[in-house]
Amino acid sequence: GPGGGTATAVPGLRTGNVGVPLLTYTPALSVGAAGDTVWMANGSGLYLTTDGGTTWQTITPPLLIGADPGYRSGPMVGAGSNDLWLPVEDVPGLAERVPGLIAPGSGSVRGSGIERSTDGGQTWQFTPLPGCVQTCGVNISLSFTDAEHGFASIGPDQQGTSALFSTTDGGTTWARVGNLPGTAGARITFANDLDGWMANAIVFVGGGGEEGALFSTTDGGVSWQQAPGLTPTDSFQLPSFFGQDGVVLGTPPDGAPARAPVIFSTDDGGSSWKSQSTPSNQATGKWTSSGVGIPFSASNYTDWSLFVGPELYSTANAGGTWKRAVPRPTWQPGDMQSMVFTTPEQGWSVTRLPWCQAPHQTTEQRSEGCYEVLMATSDGGRHWIPSNP
């Protein structure tokens with residue numbers, strides 16, 4: 001061009017077959033962030049990465065080996081990269097493999113409780129919630145504010161009661177705090193020893209679940225009230241907090257007409273909330289129907305990501321403005337089961353195999369069937385590739 005310069009010759013096209021590396025896809029049931037790590041679970045095991053997915057280590061607790069780990073465990077939580085806690089639920093043979101857990105000949109040998117690790121998942125120790133090995137139901141949800149202090153909810157039991165427990169020694173021992181409002185089950189998160197939130201929802205093994213009414217406590221779970229400043233009839237995912245700043249997604253309740261979700265933010269620890277703008281263009285008519293979760297993740301107080309399908313929206317100023325992208329591969333509403341961003345650029349998702357929606361599948365692809373796999377992005381969700389533990 002004008003002004004001179006240099007050029008490099010590009011070889012012409014080669015004839016014949018050119019080998020292209022075959023992408024492999026790891027089946028996945030759930031993925032999440034725990035402290036300074038990212039974990040994933042499937043029917044074979046649990047895996048953890050501390051370097052953005054470059055390397056993974058297998059961290060399956062011995063009690064879950066051969067017992068469909070991803071189906072028998074709930075969302076893992078952590079404090080830092082070493083202290084980890086994992087709810088395990090309705091594990092076959094658990095009562096036989098943990099001596100003294102139940103009285104001999106008492107019936108079923110299945111059981112539920114909490115696995116805890118202080119070395120990043122290299123070793124685990126099982127701890128039951130008091131009186132709840134077999135009688136409190138399942139749906140265990142955990143939240144730890146540091147390596148010593150945490151909370152656990154479980155239930156409902158056969159009487160429809162969901163219970164809350166607390167620990168001050170890293171989960172070695174637990175004390176019952178009381179019962180939780182509602183009877184569908186619960187997911188919990190606590191910012192400190194006093195302030196916490198609960199989504200009254202059924203939580204399925206593997207980390208999925210339906211959102212529900214959001215409640216808050218300011219006395220460590222002794223009493224609860226519906227969270228102030230939020231639409232009382234909407235369903236909510238658990239809020240994400242960054243100090244006193246927080247964000248939460250609300251959607252129409254099951255059975256209500258589909259509409260765009262509402263995002264609320266707070267700068268006073270949840271004492272008050274204000275609604276934020278959501279993407280506004282033709283895609284607002286493409287929201288999933290009520291009762292189906294919309295993947296949403298906040299990597300910090302200002303950077304949020306929202307998957308509508310096939311569009312992914314992101315904001316870097318707490319909803320002031322939104323950017324739209326159509327991820328590659330492309331997924332439709334309902335194809336993405338969950339999504340978590342640890343930074344504005346780095347994220348993971350559990351999605352259906354990319355070719356399941358393709359109009360022209362190969363014979364090999366059809367024979368693979370359609371199942372959920374683990375995908376990763378390093379450019380804010382514009383491009384995704386398989387992440388294989």
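Reader: How many disulfides does the structure hold?

Author: The structure holds 2 disulfides. Keep in mind that this is a predicted model.

Reader: How do you know that Cys-132 and Cys-136 form a disulfide?

Author: Their sulfur atoms are 2.0 Å apart. The cut-off is within 2.5 Å. So Cys-132 and Cys-136 count as a disulfide. The torsion about the S-S bond is -65 degrees, and the link is left-handed. Both cysteines, Cys-132 and Cys-136, are buried.

Reader: What makes Cys-356 and Cys-370 a disulfide?

Author: The test is again a distance within 2.5 Å. The sulfur atoms of Cys-356 and Cys-370 are 2.2 Å apart. The pair therefore passes.

Reader: Why is the disulfide of Cys-356 and Cys-370 called left-handed?

Author: Because the torsion about its S-S bond is about -130 degrees.

Reader: Which parts does the pair of Cys-356 and Cys-370 tie together?

Author: Cys-356 lies in the loop between strand 27 (347-352) and helix 2 (363-368). Cys-370 lies in the loop between helix 2 and strand 28 (372-377). So the link ties together parts that are 14 residues apart in sequence.

Reader: Why is Cys-356 called buried, and what is Cys-370 called?

Author: Cys-356 has a relative accessible area of 12%. Buried means under 20%, so Cys-356 qualifies. Cys-370 has a relative accessible area of 40%. That lies between 20% and 50%, so Cys-370 is partly exposed.

Reader: What pattern do the disulfides of the chain follow?

Author: The pattern is 1-2, 3-4, with bonded cysteines counted along the chain.

Reader: On to the aromatic rings. How many aromatic pairs are there?

Author: The count comes to 11 aromatic pairs. One of them is Trp-197 with Phe-241.

Reader: What makes the pair of Trp-197 and Phe-241 stacked?

Author: Two values. The rings are 4.2 Å apart, centre to centre. Ring centres must lie within 6.5 Å to pair. The planes are 25 degrees apart. Under 30 degrees counts as stacked, so the label holds.

Reader: Where do Trp-197 and Phe-241 lie?

Author: Trp-197 lies in strand 14 and Phe-241 in strand 18 (residues 240-242). So the pair ties together parts that are 44 residues apart in sequence. Trp-197 is buried, with a relative accessible area of 4%.

Reader: Why is the pair of Trp-331 and Trp-384 called edge-to-face?

Author: Their planes are 80 degrees apart. Over 60 counts as edge-to-face, so that is the label. The centres are 6.3 Å apart, and the limit is 6.5 Å. Trp-331 lies in the loop between strand 25 (323-325) and strand 26 (336-341). Trp-384 lies in the loop between strand 28 and strand 29 (385-386).

Reader: How do you know that Trp-331 and Trp-384 are buried?

Author: Trp-331 is at 1% relative accessibility. Trp-384 is at 4%. The cut-off is under 20%, so Trp-331 and Trp-384 both count as buried.

Reader: Which residues do ring pairs link into a cluster?

Author: Trp-85, Phe-144 and Trp-174. Phe-144 also belongs to strand 9 (residues 141-144).

Reader: What makes both faces of strand 9 covered?

Author: Ser-141 and Ser-143 are on one side, Leu-142 and Phe-144 on the other. All four are buried.

Reader: How do you know that strand 9 and strand 10 pair?

Author: Pairing needs at least two bridges. Strand 9 and strand 10 (residues 150-154) have 4, in the antiparallel sense. Phe-144 stands opposite Gly-150 in strand 10. The two strands form a hairpin with 5 residues between them.

Reader: Why are strand 13 and strand 16 said to stand at the edges of their sheet?

Author: The open sheet has 4 strands in the order 13-14-15-16, with antiparallel pairing. Strand 13 (187-190) and strand 16 (225-226) each have a single partner strand, so one side of each is left without a neighbour in the sheet. Strand 13 pairs with strand 14 (residues 196-200) over 4 bridges. There, Arg-187 stands opposite Ala-199.

Technical notes
Residues numbered from 1 in each chain as written. Predicted model: local features only at pLDDT ≥ 70, side-chain atom pairs only at ≥ 80, totals over all residues. Heavy atoms only, no water. Buried < 20%, exposed > 50% of the residue type's maximum accessible area, 1.4 Å probe, protein only. Phe/Tyr/Trp six-rings, centres within 6.5 Å; stacked < 30°, edge-to-face > 60°.
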